[in-house]
Amino acid sequence: MKVCVLVTSHIRYKGQLRLLEECLDSLIYQTYNTDVYVSVSFDSHGFSKNFKQNLKLKYPDVRLDRKSTRLNSSHQIIS
């Protein structure tokens, strides 16, 4: 059996970045191998940049695909 999880989030304040990372940690380190996809948008470019930098450091094998969903909002698809 193959498991896939989709997590969606919109980051408006700094504390949400930590909560999203805790969520991803929990999913990635499950005993059963799970594919995790994340769709995330940000209120500010600074949050987006910080998230991507931290993500690449913490999970070097992660792949980022940028998809623009509406004006001033971008979603990062992470697999």
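Trainee: Hi! Which helix is Gln16 in?
Mentor: Gln16 sits in helix H1. Helices (H or I, at least four residues) and strands (E, at least two) are DSSP runs, numbered from the N terminus. This is a predicted model, where local features need pLDDT of at least 70 and side-chain atom pairs count only at pLDDT 80 or more, while totals for chains, interfaces and linings use all residues. Residues are numbered from 1 along each chain as its sequence is written, and side-chain values use heavy atoms, with hydrogens and water left out.

Trainee: Is Gln16 buried or exposed?
Mentor: Gln16 is buried, because its relative accessible area is 18%. Buried means under 20% relative accessible area, exposed means over 50%, and partly exposed is in between (1.4 Å probe, protein chains only).

Trainee: And which residues does Gln16 touch?
Mentor: Leaving out residues up to four places away in sequence, Gln16 touches His10 and Ile11. Contact here means heavy atoms within 4.5 Å.

Trainee: Let me zoom out. How many helices and strands does the protein have?
Mentor: Two helices and four strands. Starting at the N terminus, the elements run β-α-β-α-β-β.

Trainee: So how do H1 and H2 sit relative to each other?
Mentor: The axes of H1 (residues 14–28) and H2 (residues 45–58) come within 11 Å and cross at roughly 30°. That makes H1 roughly parallel to H2. Angles under 35 degrees count as roughly parallel, over 145 as roughly antiparallel, 65 to 115 as roughly perpendicular and the rest as oblique. The axes are lines fitted to C-alpha atoms, for helices over the stretch in contact, with angles from 0 to 180 degrees between N-to-C directions.

Trainee: Which residues of H1 and H2 meet?
Mentor: On the H1 side there are Lys14, Leu17, Leu20, Glu21, Leu24 and Asp25, and they meet Phe47, Asn50, Phe51, Asn54, Leu55 and Lys58 in H2. The residues of this contact divide into six nonpolar, two polar and four charged. Ala, Val, Leu, Ile, Met, Phe, Trp, Tyr, Cys and Pro count as nonpolar, Asp, Glu, Lys and Arg as charged, and the others, Gly among them, as polar.

Trainee: Why does Phe51 count as buried?
Mentor: Phe51, which is in helix H2, counts as buried because its relative accessibility is 1%. The C-alpha atoms of Phe51 and Leu20 are separated by 9.6 Å, and the two are 31 residues apart along the chain.

Trainee: What about Glu21, what does that one touch?
Mentor: Not counting residues up to four places away in sequence, Glu21 touches Asn54, Lys58 and Tyr59. Glu21 lies in H1 and is buried, with a relative accessible area of 17%.

Trainee: Then is Asn54 buried or partly exposed?
Mentor: Asn54 is partly exposed, because its relative accessible area is 32%. Asn54 is in H2, and its C-alpha is 9.2 Å from that of Glu21, 33 residues apart in sequence.

Trainee: Last one! How much of the whole protein is buried?
Mentor: Of the 79 residues, 33% are buried. Among contacts between residues at least 6 apart in sequence, 63% join residues at least 24 apart.
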